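Good morning, everyone, and thank you for making the time.

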Amino acid sequence: MLNSLYKIISDILFPQSELEREISGLSEDILSKKLHIQEYNKIVSLFQYKDPLIKQMVWLLKYKKNSHVAKLFASALYDFLIEELSDEIVFSGNISEDNKIVLIPLPLSRQRERERGYNQIKLITDELQKIDNFTVCTDLLIKKKHTAPQTSLLVKNDRIKNIKGAFAVKDKGNDKRSLKNTHAIIIDDVFTTGSTLAEAQKMLKNSGVYKVSCITIAH
């Protein structure tokens, strides 16, 4: 009852925009019609960021911790992964057997995660795990350096310099043989120049991971 009352008061004080109302009633089937899969520099994106609805969904996920948006994006990502990884899944017998396929939500720096209170990509991977038995790894790749937001830098070379050396693979005595059998899939929200994902991918490859893929929600 208190939650319902809070929602009523919140809706009066902070009324939803037309887009937010549309998103709150959005179904997985309707969202699937907006899929616009693109690949650039081996980074796959599912939706177009220029679509106002998708842009608002990303914003609600990133800054409002919107669980409905997380579920919708997780559903779309699940369908894509199952189709793309079908041969690997059949070959290994199980999507998580021997950690051959692991999902890695792109990590935030400690400062950024403290400020925001959560990692928005982990909200999506948490929902993915409710759908199927995916292995999500949040402690292999870490962001060791706090950086300026990439969107605040207009020049591509500045973005490359900004993110250089920002990631590291956490040394926990990982079995190198296990990493050599691992297909790591890094997940992020929006693709811009690809500098951040390229740096994260490089660190994983240097650590011995045999295959690293990158997927973003939007491009």
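This is a predicted model: local features need pLDDT of at least 70, side-chain atom pairs count only at pLDDT 80 or more; totals for chains, interfaces and linings use all residues.

Which handedness does the β-α-β unit made by β7, helix α11 and β8 have? The unit of β7, helix α11 (residues 195-207) and β8 is right-handed, and a crossover is given that name if, with the strands pointing away from the viewer, the path from the first strand over the helix to the second runs clockwise.

Residues are numbered from 1 along each chain as its sequence is written, and side-chain values use heavy atoms, with hydrogens and water left out.

Let me start with the overall inventory. The protein chain has 11 helices and 8 strands; here helices (H or I, at least four residues) and strands (E, at least two) are DSSP runs, numbered from the N terminus. Of the 219 residues of the chain, 42% count as buried, where buried means under 20% relative accessible area, exposed means over 50%, and partly exposed lies in between, with a 1.4 Å probe and protein chains only.

Now to the sheet. It is an open sheet of 6 strands in the order β1-β2-β8-β7-β3-β4, with mixed pairing, and two strands are said to pair if DSSP finds at least two bridges between them. At the edges we find β1 (38-40) and β4 (135-136), each of which pairs on one side only. Helix α8 (residues 120-131) packs on this sheet, touching β3 (101-105), β4, β7 and β8, and its direction makes about 125° with that of β7; the axes behind that angle are lines fitted to C-alpha atoms, for helices over the stretch in contact, and angles run from 0 to 180 degrees between N-to-C directions.

Strands of a sheet pair through backbone hydrogen bonds, either parallel or antiparallel. In our case, β7 (residues 183-190) and β8 (residues 211-218) pair in the parallel sense over 7 bridges, with I185 partnered by S213 and V190 by A218. On its other pairing, β7 runs parallel to β3 over 5 bridges, where I104 stands opposite I186 and I101 opposite H183. As for β7 itself, 8 of its 8 residues are buried, so the strand is largely enclosed by the rest of the structure.

What about β3? This strand is mostly covered, with 5 of its 5 residues buried; I101, L103 and P105 point one way, whereas V102 and I104 point the other way. Strand β3 is also joined to β4 by 2 bridges, and these two run parallel, with V102 opposite T135.

Finally, I would like to look at one residue in detail. L81 lies in helix α5 (residues 67-84) and is buried, with a relative accessible area of 1%. Leaving aside neighbours within four places in sequence, L81 is in contact (heavy atoms within 4.5 Å) with S86, L103, L128, F134, I185 and I215. L81 and I215 are 134 residues apart in sequence, yet their C-alpha atoms are 9.6 Å apart in space.
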